[in-house]
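Hi everyone, and thanks for coming. Please have a look at the structure on the screen, and then I will walk you through a few of its contacts.

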Amino acid sequence: MEAPRRRPDTGARRGRNAVKTKAAILAAGRAEFAERGFEGARVDAIADRAGANKRLLYHYFGNKEDLYGAVLLDAYQEIRRGERELSLDQYEPVEAMDRLVRFTFRHFLANPWFTKLLSTENVENARFLKTLPDIPALHSPLVGQIRTLIERGGAAGVFRRDVDPVQLYISIAALGYFYVSNIATLSVIFDKDLSSVSMVQEREAHAVQMVLDYLRTNRG
């Protein structure tokens, strides 16, 4: 007697399709908002980029404002996830800080959309970021991690103890953010291709040296 055929799990298939569709819409929103800013971005264009029905976009994300907020949150979650994956506690303080600076620089370099998205949100005076309740919780572990590195380095006698972790991270981020966000204009001003491999490597090494020189107890 022939065994009965199993019916496909339509619920699971719908779930997988929903996950893929939402991911595609987020990626399309990221590209559209980075290129055109919040005001210039169009829901129709995002749906076209995602290859999705506009009604699905509204179904999954609500309106344009909600989608922008989701894109912004996803961008911060991505960089924070990368920082966690560094597992810095396993390294000595100097190497751990070296790795954090390099990761931050490379993240901006590999994701130029991120600097554009942050620029858009600053134009908006962070009005959408202020509405995202997950943001403080995302950044607290990062500040704690840097504070721990400073304390470990201080105990080992290699780092100053009087360093504010928030100020330090702002400086680390600025060393990469400014370079990437202004790479076109700086290349023209200084008549150098700052996007070339050699210039990028030089800049990364410079960023690491600046941070470590600032942190070291013996800077003479």
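Predicted model: local features only at pLDDT ≥ 70, side-chain atom pairs only at ≥ 80, totals over all residues.

Let me begin with a term: a salt bridge is a side-chain nitrogen of Lys or Arg within 4 Å of a carboxyl oxygen of Asp or Glu.

Residues are numbered from 1 along each chain as its sequence is written, and side-chain values use heavy atoms, with hydrogens and water left out.

When I say helix, I mean a DSSP run of H or I with at least four residues, numbered from the N terminus. I will also say buried for under 20% relative accessible area, exposed for over 50%, and partly exposed for anything in between, using a 1.4 Å probe and protein chains only.

How many salt bridges does the structure hold? There are 15. Asp74 and Arg30 form one of them, at 3.0 Å from N to O. Asp74 sits in helix 4 (residues 64-85) and Arg30 in helix 1 (residues 10-40), so this pair ties together parts that are 44 residues apart in sequence. Is Arg30 buried or exposed? Arg30 counts as buried, with 16% relative accessibility.

Another salt bridge joins the side chains of Glu32 and Arg49, at 3.0 Å from N to O. Here helix 1 supplies Glu32 and helix 2 (residues 43-50) supplies Arg49, so parts 17 residues apart in sequence are tied together. Glu32 is buried, at 1% relative accessible area, whereas Arg49 is partly exposed at 39%. Both belong to a network of salt bridges that links Glu32, Glu35, Arg36 and Arg49.

Now to how helices pack. Helix 4 and helix 5 pack at an angle of about 150°, with axes 10 Å apart; axes are lines fitted to C-alpha atoms, for helices over the stretch in contact, and angles run from 0 to 180 degrees between N-to-C directions. That makes the two helices roughly antiparallel, a label for angles over 145 degrees. Which residues make the contact? From helix 4 they are Glu78, Ile79, Gly82 and Glu83, and from helix 5 they are Leu100, Phe103 and His107; contact means heavy atoms within 4.5 Å.

Helix 5 has 18 residues and reaches 25 Å from its first C-alpha to its last, close to the 26 Å expected, where the expected span is 1.5 Å times one less than the number of residues. Its buried residues include Leu100, Phe103 and His107. The buried residues of helix 5 pack against helix 4, helix 6 (112-123), helix 7 (135-155), helix 8 and helix 10.

That brings me to helix 10 (residues 197-215), with 19 residues and a reach of 27 Å, close to the 27 Å expected. Among its buried residues are Met199, Glu204 and Leu215. The buried residues of helix 10 pack against helix 5 (93-110) and helix 8 (165-181).

Notes:
Parallel < 35°, antiparallel > 145°, perpendicular 65-115°, else oblique.
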